[in-house]
Amino acid sequence: MNYPIIKIQDLKREFRMGNETVRALKGISFEVQQGEFVTIMGTSGSGKSTLLNVLGCLDQPTDGTFEIDQVSVKERSKNDLAAIRNQKIGFIFQSYNLLPRTTALENVELPLMYNGEVSQKERRARAVKALEMVGLSDRLHHTPSQLSGGQQQRVAIARALVNEPVVILADEATGNLDTRTSYEVMSLFQDLNDQGKTIIFVTHEPDIAAFSKRTITLKDGHIVGDNPVPKIANARKMLAMLPVEAD
Amino acid sequence: MKAINLIKIAWKALLRNKTRAFLTMLGIIIGVASVIAMLAIGEGSKSSIKTQISSMGSNMIFVQPGSDNRGGVRQDRSSSQTLTLEDLDILREKSTLLSDISPQVNGNGQAIYAANNWPTSIYGVSPEYLVIRKLEIADGVMFTEKDVQRAAKVAVIGQTIVENVFPDTDPIGKTIRLDKMPLRVVGVLEEKGENSFGQDQDDLILSPYTTVQKRILAITHLQSITASALSEEVSEDAVEEMTQILRDSHELSANEEDDFNVRSQQELLSTMSSTSDMLTVLLVAIASISLLVGGIGIMNIMYVSVTERTREIGLRMAVGGRGLDILVQFLIESILISFTGGVIGVALGLGSTFFVSDYMKWPTLVTPESIILSFAVCVVTGVFFGWYPARKAAKLDPIVALRFE
Ligand SMILES: Nc1ncnc2c1ncn2[C@@H]1O[C@H](COP(=O)(O)OP(=O)(O)O)[C@@H](O)[C@H]1O
Ligand SMILES: [Mg+2]
């Protein structure tokens with residue numbers, strides 16, 4: 001049952017800087033179906049983050065239409081947007097953004113704290129399950145400073161999974177990680193995608209894009225390419241091929 | 001969004017920085033503690049003045065001579081002779097609201113017995129004086145109405161006289177001399193201690209007023225009249241009644257001023273307690289300033305905290321926190337700080353009040369109102385000073401906040 005999770009039409013985003021207007025997105029249209037794994041590629045400044053912020057309902061487009069999970073996100077109040085972020089979107093950042101001096105479990109519970117319908121018991125159970133999914137069931141009570149970069153990013157991924165979003169958005173999620181850890185994280189994304197999760201992944205590195213199923217390339221706020229990945233790389237196999245002393 | 005979740009979030013956020021939370025609290029702790037201690041000291045001195053004044057006598061009313069301007073020349077009050085025995089008799093006869101009444105004439109002199117002597121005062125009064133002033137006889141008897149009629153040379157003496165003039169003799173039946181006047185001691189008064197002005201209330205000799213008038217001062221007028229009203233409630237009415245009786249007796253016309261002065265114990269009490277009320281207000285004002293400074297401390301730290309935690313705020317918004325949730329979280333944080341500070345402050349305030357009364361022997365009185373008041377003030381402080389930083393946090397744009405370095 002394929003249906004569009006994301007549907008954008010002629011999307012524009014302009015920033016007014018004094019009397020100058022920066023046009024970061026100049027009319028973008030595409031659809032992402034349930035179960036897809038899409039990479040958004042492009043050089044620095046091409047508008048990737050701006051696009052992802054709009055998709056994540058952190059920002060609102062200047063013009064164009066945008067539907068998420070077949071619901072229009074247009075002229076919604078700030079509170080509505082917060083509720084959409086809480087229930088439909090899992091966001092992953094380059095710099096993890098975990099709360100310091102807070103355990104992995106509590107970090108993962110955070111989105112559910114803002115959902116009044118989830119009881120304390122259920123919240124705990126779901127956070128434990130999400131951490132199990134990212135392979136950190138033995139690190140529940142570690143704080144970020146007691147975890148490696150890769151582990152921290154996996155906690156962040158668990159946090160993005162915990163509210164069972166319709167789409168996971170990741171902005172340069174491997175940008176701060178070395179090659180081996182990047183591959184570990186990508187194999188995790190591939191596993192999640194195999195389980196049916198829809199993923200939109202921003203990167204400027206072609207070898208990372210090769211793990212996804214489809215690549216959308218941006219340049220100066222325009223889409224200049226939207227192609228299926230011809231030969232999808234398997235992150236777990238690549239990981240096995242890495243020389244041990246590589247990191 | 002459940003309120004309980006927000007309280008949990010705020011509480012966890014505070015626990016992440018315990019030292020800072022405590023240091024922020026310190027201002028509130030000191031503020032609340034000093035407000036409570038100051039109020040306790042102020043209220044304590046007020047209530048001790050009250051008990052002291054009421055221990056001076058029961059519903060007392062004092063009549064003193066005023067200036068006599070019938071001659072057109074204002075006289076000094078002490079030399080004024082407008083109160084007479086006639087006034088006393090008329091008051092006794094006509095007043096309906098008095099239980100006891102006694103005239104008073106005072107003199108000074110050197111009390112002498114054997115080789116001991118002591119400068120003291122002699123009060124010429126009637127036997128009712130004992131009841132009016134709540135004095136008790138410790139030993140012997142009070143002089144009688146008969147002694148008054150005969151102007152008998154008898155005396156009832158206070159404990160200070162006993163200590164200084166009769167250090168190792170039983171004074172009853174002995175003859176003490178006040179300067180040259182010999183007086184037979186018939187009774188000794190119970191000890192009364194110092195009054196709130198630091199005066200020794202045991203340093204006195206009581207004698208019939210007739211004796212003091214004729215044999216010591218050689219005067220016929222009275223220096224004052226002291227009376228007891230039937231009850232506290234009627235004491236103001238009694239003052240009015242006495243004033244009217246005296247005006248009639250002195251044949252004063254409507255446009256003439258009183259040539260005497262009637263005041264009640266209640267009046268004295270309210271004058272005294274208004275002075276100590278002012279003291280309390282002053283103390284509390286100073287203490288409130290430290291509470292205010294504590295509140296500004298909260299605001300300062302919350303501002304720093306909002307800036308420092310900008311990315312945290314951005315993240316909370318990204319995972320679904322609404323502006324209101326963020327506002328309430330920071331508000332709860334500052335209320336928790338001030339509330340916890342308030343609890344510790346109340347404990348510290350009670351502790352230091354205890355110390356002040358126990359070791360420094362100051363009278364103190366902790367009223368529940370003072371605790372409720374300072375507690376309420378401190379929670380309001382939390383809301384008031386937490387509001388602006390919290391609103392600043394709530395108004396952040398999630399993307400800007402997430403990018404914040
Ligand atoms: N808040 C903003 N205000 C002004 N210009 C912005 C803002 N955010 C992004 N831009 C501009 O929009 C363009 C795209 O930025 P961005 O989406 O961050 O690029 P990328 O993530 O692909 O590196 C850049 O030219 C950037 O300067
Ligand atoms: Mg970017």
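A: Between chain A and chain B the count is 1 salt bridge. This is a predicted model, in which local features need pLDDT of at least 70 and side-chain atom pairs count only at pLDDT 80 or more, while totals for chains, interfaces and linings use all residues. Residues are numbered from 1 along each chain as its sequence is written, chains are lettered from A and ligands numbered from 1 in the order in which they are written, and side-chain values use heavy atoms, with hydrogens and water left out.

Q: Why is the pair K12(B) and E106(A) called a salt bridge?

A: The term requires a side-chain nitrogen of Lys or Arg within 4 Å of a carboxyl oxygen of Asp or Glu. The side chains of K12(B) and E106(A) meet at 3.5 Å, N to O, so the pair meets the definition.

Q: How many salt bridges does the structure hold over all chains, and what makes K12(B) and E106(A) a pair that joins two chains?

A: Over all chains there are 21 salt bridges. K12(B) lies in helix α1 of chain B and E106(A) in helix α3 of chain A, so this pair joins two chains. Helices here are DSSP runs of H or I with at least four residues, strands are runs of E with at least two, and both are numbered from the N terminus.

Q: What describes the way α3(A) and α1(B) cross?

A: The axes come within 11 Å and cross at roughly 145°. Axes are lines fitted to C-alpha atoms, for helices over the stretch in contact, and angles run from 0 to 180 degrees between N-to-C directions. The contact (heavy atoms within 4.5 Å) is made by E106(A), L112(A) and M113(A) of α3(A) and by N5(B), K8(B), I9(B) and K12(B) of α1(B).

Q: How much area do chain A and chain B bury between them?

A: About 2400 Å² is buried between chain A and chain B, 56% of it on carbon and sulfur atoms. Buried area is the accessible area (1.4 Å probe) that two parts lose on being put together, summed over both. L58(A), M113(A) and Y114(A) supply 30% of the area that chain A buries against chain B, more than any other three residues.

Q: Which residues touch D220(A), leaving aside its neighbours within four places in sequence?

A: D220(A) is in contact with K26(A) and S46(A). D220(A) sits in the loop between β9 (214-219) and β10 (222-228) of chain A. F189(A) is 31 residues away along the chain, and its C-alpha atom is separated from that of D220(A) by 28 Å.
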